[in-house]
Amino acid sequence: MNEKKVLLTIKSTQQYEDQTPEVIELTTGGTFRIEGDTCVLSYKETELTGLYGAVTTFTVSPERVVLQRDGAVSSRMEFVLNEQHESLYATENAALYIRVTAKKMQIELDENGGFFEVSYSVVIEQTTEGHITYHIDVQPLE
């Protein structure tokens, strides 16, 4: 499938230890394509997310979701249900070691768009624990 322009509605919920959950909702334009049984969607981050200048790409397959950020932030997180994956999260000022474990994944994507959700626990520098959920709706514009 050729790359399509899409409207992405992204809801991110983050909660760390005893803090109140932080919810960020963003609607932005992006691109979407299907390669076999894998969907790839990409968008540019905005100032609202605090990651301005980065490009975020989700590669979504039936058993795995990969979140890749390039630019102002560099990271690659891999999500497979109930498996731990370790990576480096690098910004212009610092690099942090993180470990993620996918707790829930729901994928309903096809050539007409749809949605996916990934919910995971995260441990940052072996000390800070949190829980993050991404819910992304994909609506073709063409």
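## A tour of the ten-stranded barrel

Start with the whole chain: 10 strands close into a barrel, in the order β1-β2-β3-β4-β5-β6-β7-β8-β9-β10, with antiparallel pairing. Neighbouring strands of this sheet are turned by 25 degrees against each other on average, direction ignored. The axes behind that angle are lines fitted to C-alpha atoms, and angles run from 0 to 180 degrees between N-to-C directions. Strands are DSSP runs (E, at least two residues), numbered from the N terminus; two of them pair if DSSP finds at least two bridges between them.

This is a predicted model: local features need pLDDT of at least 70, side-chain atom pairs count only at pLDDT 80 or more, and totals for chains, interfaces and linings use all residues. Residues are numbered from 1 along each chain as its sequence is written, and side-chain values use heavy atoms, with hydrogens and water left out.

**Select β8 and β9.** Strand β8 covers residues 95-110 and strand β9 residues 113-124; they pair in the antiparallel sense over 12 bridges. Pick Ala 102: its bridge partner in β9 is Tyr 120.

**Show the aromatic rings.** Rings of Phe, Tyr and Trp (its six-membered ring) pair if their centres lie within 6.5 Å; planes under 30 degrees apart count as stacked, over 60 as edge-to-face and the rest as tilted. The count comes to 4 aromatic pairs.

Go to Phe 58 and Phe 116. This pair is edge-to-face, at 5.2 Å centre to centre and 65 degrees between the planes. Phe 58 lies in strand β4 (residues 55-61) and Phe 116 in strand β9, so the pair ties together parts 58 residues apart in sequence. Phe 58 and Phe 116 are both buried (under 20% relative accessible area, 1.4 Å probe, protein chains only).

Next, Tyr 120 and Tyr 134. Their ring centres are 6.5 Å apart and their planes at 20 degrees, so the pair is stacked. Tyr 120 lies in β9 and Tyr 134 in β10 (residues 128-140), so this pair ties together parts 14 residues apart in sequence. Tyr 120 and Tyr 134 are buried too.

**Finish at the largest pocket.** A pocket is an open set of points on a 1 Å grid over the protein atoms alone, where a 1.4 Å probe fits, with protein on both sides within 12 Å along at least five of seven lines; lining residues have an atom within 4 Å of a point. Of the 21 lining residues, select Gln 14, Leu 51, Arg 69, Tyr 89 and Tyr 134, which lie nearest the centre. The largest share of the lining, 4 residues, comes from β1.

Methods. Buried < 20%, exposed > 50% of the residue type's maximum accessible area, 1.4 Å probe, protein only.
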